[in-house]
Amino acid sequence: MKSSGDPLIDALYTIRKGKVDLVDVPELGFLVIDGGGDPSGEAFHDAIQALYSVSYGAHFALKKAAGEAPRVMALEALWWVEGADAQATMERIAAGEAGMNESDRDQWRWRAMIMQLAPIDAAMIEQAILDAKAKKDIASLSALRYEHWAEGLCAQIMHIGPYATEPASIVALHKAIAELGSTPRGRHHEIYLGDPRTSAPEKLRTILRQPMQRS
């Protein structure tokens with residue numbers, strides 16, 4: 001991933017291969033959209049289109065006005081399930097006691113998002129959404145919003161390979177959290193450094209991040 005120009009932010013996206021790192025994620029600005037269902041479905045695809053359309057729109061508008069603009073950051077997503085039975089299945093997957101095939105993807109909930117680097121702010125994003133609506137017919141544009149979010153203390157690991165093989169890395173991540181005498185909190189977080197449209201599945205790079213709390 002190219003440098004953001006901010007060493008503190010770059011450190012959040014720099015992971016040693018095969019290692020679990022701890023990061024303290026400060027409050028940052030994000031363009032976000034909430035949805036649910038299988039990530040291979042139309043809803044998630046439409047959400048990604050909307051996110052990139054507005055993020056690049058804000059980038060080019062700022063570059064035109066000021067002569068320069070920060071780079072567009074990677075796609076990220078939070079993943080979770082609702083309901084005791086579904087949650088229990090996800091906990092078993094994190095413990096290595098179940099496979100992803102036991103989880104019903106139609107029950108998955110997600111928040112897709114792209115970090116917005118300063119000086120891009122809420123006003124610029126609002127204008128970029130209006131501009132995108134005038135040019136493109138993407139249903140999800142109306143569901144986008146800009147918000148600040150501080151994730152706090154997290155453990156993260158780099159997963160290299162197809163998304164289907166993530167469970168092994170998820171198990172390693174949760175094992176490391178337990179060995180630190182800590183417990184997971186919040187939602188499973190993925191940061192997509194590889195593009196499945198152009199990268200071979202075995203070369204995809206995904207940061208798996210899990211918020212945690214000291215026990």
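Q: How many cavities of 30 Å³ or more does the count come to?
A: This is a predicted model: local features need pLDDT of at least 70, side-chain atom pairs count only at pLDDT 80 or more, and totals for chains, interfaces and linings use all residues. Residues are numbered from 1 along each chain as its sequence is written, and side-chain values use heavy atoms, with hydrogens and water left out. A cavity is a set of points, on a 1 Å grid over the protein atoms alone, where a 1.4 Å probe fits but cannot get out. By this rule, the number of cavities of 30 Å³ or more is one.

Q: How much space lies in the largest cavity?
A: Grid points are joined across faces, edges and corners, and a volume is the space filled by probe spheres set on the points. For the largest cavity, that space is about 50 Å³.

Q: How do the residues that line the largest cavity divide by class?
A: Lining residues have an atom within 4 Å of a point; here they include Ser 55, His 59, Arg 71, Met 115 and Ile 120. Ala, Val, Leu, Ile, Met, Phe, Trp, Tyr, Cys and Pro count as nonpolar, Asp, Glu, Lys and Arg as charged, and the others, Gly among them, as polar. The lining of the largest cavity divides into six nonpolar, three polar and one charged.

Q: What is the volume of the largest pocket?
A: A pocket, unlike a cavity, is an open set, with protein on both sides within 12 Å along at least five of seven lines. The largest pocket has a volume of about 1500 Å³.

Q: Which residues are the closest to the centre of the largest pocket?
A: The lining of the largest pocket has 26 nonpolar, 10 polar and 12 charged residues. Of its 48 lining residues, the closest to the centre are Phe 44, Trp 79, Tyr 163, Glu 190 and Tyr 192.

Q: Which element gives the most to the lining of the largest pocket?
A: Helices (H or I, at least four residues) and strands (E, at least two) are DSSP runs, numbered from the N terminus. Elements that give two or more residues to the lining of the largest pocket include strand S2 (75–81), helix H3 (84–94), strand S3 (108–115), strand S6 (188–192) and strand S7 (205–214). With six residues, the one that gives the most is H2.

Q: How many residues does H2 give to the lining of the second largest pocket?
A: The second largest pocket has a volume of about 190 Å³. H2 and helix H4 (122–135) are the elements that give two or more residues to its lining. H2 gives the most, and its number of residues is five.

Q: What is the phi of Gly 181, near what value?
A: Most residues other than glycine have a negative phi. Gly 181 follows H5. Its phi is positive, near 75°.

Q: What is omega for the peptide bond that joins Ala 118 and Pro 119?
A: Pro 119 is in the loop between S3 and H4. Most peptide bonds are trans. The bond joining Ala 118 and Pro 119 is cis, with omega about 15°.

Q: Which residues does Pro 196 touch, not counting residues up to four places away in sequence?
A: Pro 196 sits in the loop between S6 and S7. Its relative accessible area is 48%, so Pro 196 is partly exposed. With residues up to four places away in sequence not counted, Pro 196 touches Tyr 163 and Leu 204.

Q: What distance separates the C-alpha atoms of Asn 101 and Ala 164?
A: Asn 101 lies in the loop between H3 and S3. Asn 101 is exposed, at 72% relative accessible area. Asn 101 and Ala 164 are 63 residues apart along the chain, and their C-alpha atoms are separated by 9.6 Å.

Notes: Buried < 20%, exposed > 50% of the residue type's maximum accessible area, 1.4 Å probe, protein only. Contact = heavy atoms within 4.5 Å.
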